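Subject: Structure handover

Hi,

Here is the structure for your work. Please load it before reading on.

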Number of protein chains: 2
Amino acid sequence: MNVVKLIDKKRSGKALNKQELTYLVDGFVAGEIPDYQMSAFLMAVTINGFSDREVIAFTDVLVKSGKQLSFDEKMVDKHSTGGVGDKTTLIIAPIVAALGMKMVKMSGRGLGHTGGTVDKLMAIQNMQLNLPEDKIKKSISEIGVCLLQQSAEIAPADKMLYQLRDVTATTESIPLIASSIMCKKIASGAKIIVIDIKVGKGAFLKTQKEGRALAQLLQKIAKRYHIKLTCVLSRMDEPLGINIGNGLEVMESLSFLNGDYDDKLYDLVVALSSHLLVDYQNISHLEAQEQVKEVISNKEALNAFFAIIENQEGRIKKVKISRKNMVVKSVKSGYIKKIDALQMGQLVQQLGAGRLKANDKIDLGVGVVLLKKSGDYVKEGETLLKVYYGKNKISNSEFLKCYHFANNKTQPPKSIIAII
Amino acid sequence: MNVVKLIDKKRSGKALNKQELTYLVDGFVAGEIPDYQMSAFLMAVTINGFSDREVIAFTDVLVKSGKQLSFDEKMVDKHSTGGVGDKTTLIIAPIVAALGMKMVKMSGRGLGHTGGTVDKLMAIQNMQLNLPEDKIKKSISEIGVCLLQQSAEIAPADKMLYQLRDVTATTESIPLIASSIMCKKIASGAKIIVIDIKVGKGAFLKTQKEGRALAQLLQKIAKRYHIKLTCVLSRMDEPLGINIGNGLEVMESLSFLNGDYDDKLYDLVVALSSHLLVDYQNISHLEAQEQVKEVISNKEALNAFFAIIENQEGRIKKVKISRKNMVVKSVKSGYIKKIDALQMGQLVQQLGAGRLKANDKIDLGVGVVLLKKSGDYVKEGETLLKVYYGKNKISNSEFLKCYHFANNKTQPPKSIIAII
């Protein structure tokens with residue numbers, strides 16, 4: 001096969017068959033097809049798209065580029081397309097365990113203005129995120145859940161492609177996003193999956209239309225693999241919950257499971273967890289919701305949280321939080337109409353909580369705690385947020401730019417848009 | 001500026017300003033922007049296009065990436081987008097000299113199934129194609145014309161970009177083709193230019209529509225630089241002339257100037273040369289045609305051919321032609337309807353006359369001589385073509401596949417489609 005002809009096929013809007021996609025991806029992984037050819041191909045895909053058939057074939061090629069796990073148990077999994085303050089994995093993992101479901105959750109590191117679960121877990125002292133296979137199997141049978149760093153052995157082609165997409169403006173392709181999400185879930189053996197598709201200013205996907213298109217494509221891939229998938233379309237215009245920053249988000253998760261939670265975060269956690277349970281137990285959604293709420297209120301999920309962390313040698317009493325902090329006060333009075341998730345996420349990243357490039361070092365202890373949320377009335381001089389900083393300090397005025405005020409109280413929209 | 005954001009701008013169909021294009025091209029030339037980012041950008045341009053304003057800005061950036069020549073004389077230039085058997089430069093250069101016009105013709109090497117003028121000239125023993133500046137000036141004043149290898153100092157960015165485009169399926173972009181052609185002409189100081197835009201199966205551009213679009217874009221760039229440009233749209237479905245292969249095409253050029261020519265090649269040569277003369281002398285096209293025909297028939301152009309080659313130390317009596325040859329005979333009787341230029345060009349390339357990759361070694365002595373052309377009647381067993389081969393031999397049946405027969409004589413279409 002001729003690489004240039006294959007790229008040209010996609011450039012001119014034609015579809016590639018599975019053999020051709022295999023040739024491209026395998027050649028790229030083997031180092032035989034250089035990155036400049038692959039990036040041209042990825043740009044052609046980003047602009048001209050993939051047919052459903054191509055997406056399914058491409059996903060399969062990615063799955064087969066690495067190891068495929070299989071378990072005796074019916075494994076569940078969850079995924080989020082990423083947002084600001086999104087600590088749902090930290091909260092849902094213990095709920096899953098408390099409800100008797102089984103999950104090997106592999107997560108990535110953060111990039112850009114959105115955080116990554118691995119970074120958050122790393123803020124817990126001594127937390128082990130790379131476990132040997134026997135330990136994983138043992139954890140599943142004893143605890144029900146383990147939290148791991150995405151294995152380099154699972155869909156390695158996807159990782160290589162993602163690194164290239166990240167620097168060539170080819171990340172915003174619905175088919176490439178769909179295949180990237182699904183290949184890792186398929187290779188890690190999940191049978192019941194819930195995916196939180198975030199849309200809005202602080203998310204990767206800006207519009208509901210894109211979110212729905214992604215959900216439909218994910219469903220098509222899932223169907224082919226006999227996976228039960230639920231997509232939850234949720235808003236990411238404002239930060240999720242109260243805390244943003246790695247250690248701070250661990251602390252919010254602890255508070256949440258202790259009964260002190262932000263309502264929107266609670267709604268989302270219950271939705272994501274209950275949809276897993278619906279498919280796991282073949283019960284009604286109402287019944288599933290009740291069970292989820294029950295393990296939160298009776299602290300079984302909190303105990304599962306401790307158990308999961310202890311099982312992976314983490315010390316929950318030693319979570320990294322920066323000692324240096326300051327407060328930002330409002331310079332006007334009024335109702336908060338909106339806190340801009342993208343701007344706030346970028347400021348927290350600039351504090352040192354996130355990476356601009358893949359190899360940047362980050363500060364797990366920095367971040368912000370939002371003391372006022374949209375819909376709240378704030379008086380001039382009242383504290384809006386608390387900033388935990390490290391080496392980098394950001395002026396109050398920068399934080400104030402994230403806040404939009406209104407004279408009248410406006411009801412902020414619900415966080416969940418649709419279940420697809 | 002952020003490279004990924006600039007690539008993304010083009011990906012999403014927006015226009016880049018001159019500052020942004022300069023940043024991208026200069027960064028690429030300086031090695032600061034890696035090839036995988038540039039290839040993604042080039043693919044986005046190939047699919048989403050450039051506005052007229054962008055093409056003009058991009059061309060200017062390419063021009064400024066290297067040296068810009070200037071001459072006291074009003075310089076002319078010609079260019080062909082490339083075809084099979086296209087030896088027009090070899091024939092037009094002496095016509096230009098015989099008519100008293102001045103031309104520093106810089107040419108490239110062949111790539112793919114189309115030949116390159118530099119390779120053809122290299123088949124002349126000892127021909128010098130890299131002359132020092134003073135020798136170039138002296139040649140212009142004494143001989144009128146010199147034939148050079150494209151200087152690495154002229155628009156180096158274009159050369160780097162072309163190498164990348166060639167391996168990333170981003171060659172078929174009208175704006176990129178237009179800027180690539182014009183930047184070299186502008187930088188080498190030409191004021192009157194004729195461009196032979198070839199369309200058809202054996203050409204780079206497959207359709208007349210593409211050819212016309214290129215012509216219009218070239219005219220827009222030329223206008224901005226106060227260059228008088230004529231575009232000749234010509235057919236490249238069949239090989240041009242009789243001989244294909246480097247040394248063989250030099251020999252055909254000699255025969256042509258000696259009065260023994262293929263009619264279609266003659267028409268094209270007269271058209272291209274006369275349009276230069278129209279703008280050079282401000283005369284009518286009819287008058288210009290007469291003058292061109294005159295210097296061919298009175299052998300002044302032939303003498304200029306010898307003078308040009310002698311001036312550059314070439315030995316016209318020593319042109320490389322392979323000693324090994326064979327004939328291919330027809331296996332049926334009938335009228336030749338068509339000889340496929342693309343297939344024939346690829347066979348000649350496989351004989352060793354052309355390159356698949358930029359660094360491939362080629363055999364300057366191999367090629368074919370077409371003894372029968374479309375419109376001719378051929379009897380079974382009659383010789384169709386003579387093959388000059390070297391290391392690689394190709395079976396007769398492969399050559400026979402290039403021929404399409406008809407029961408009745410059909411008039412092959414004229415080679416010139418339009419003057420734009």
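This is a predicted model: local features need pLDDT of at least 70, side-chain atom pairs count only at pLDDT 80 or more; totals for chains, interfaces and linings use all residues.

The interface

Chain A and chain B bury about 1700 Å² between them. Carbon and sulfur atoms account for 69% of that area. Each side is built from a set of residues: 20 from chain A and 20 from chain B. On chain A, the residues A:R11, A:Y36 and A:I47 supply 33% of the area that chain buries against chain B, more than any other three residues.

There are 2 salt bridges between the chains. One of them joins A:R11 to B:E172, with the closest N and O atoms 3.5 Å apart.

Which helices of chain A each supply at least two residues of the side that touches chain B? They are α1 (3-11), α3 (35-48) and α8 (156-166). The largest share, 10 residues, comes from α3(A). By type, this side of chain A divides into 10 nonpolar, 5 polar and 5 charged residues.

The sheet in chain B

Chain B has an open sheet of 6 strands with mixed pairing. The order is β3-β2-β1-β4-β5-β13. β3 (145-149) and β13 (416-419) of chain B stand at the edges. Each has a single partner strand, so one side of each is left without a neighbour in the sheet. Neighbouring strands are turned by 20 degrees against each other on average, direction ignored.

Within this sheet, β4 (residues 192-199) and β5 (residues 228-235) of chain B pair in the parallel sense over 8 bridges. For B:I193, the bridge partner in β5(B) is B:L229.

Best regards

Conventions: Residues are numbered from 1 along each chain as its sequence is written. Chains are lettered from A and ligands numbered from 1 in the order in which they are written. Side-chain values use heavy atoms; hydrogens and water are left out. Two strands pair if DSSP finds at least two bridges between them. Helices (H or I, at least four residues) and strands (E, at least two) are DSSP runs, numbered from the N terminus. Axes are lines fitted to C-alpha atoms, for helices over the stretch in contact, and angles run from 0 to 180 degrees between N-to-C directions. Contact means heavy atoms within 4.5 Å. Buried area is the accessible area (1.4 Å probe) that two parts lose on being put together, summed over both. A salt bridge is a side-chain nitrogen of Lys or Arg within 4 Å of a carboxyl oxygen of Asp or Glu. Ala, Val, Leu, Ile, Met, Phe, Trp, Tyr, Cys and Pro count as nonpolar, Asp, Glu, Lys and Arg as charged, and the others, Gly among them, as polar.
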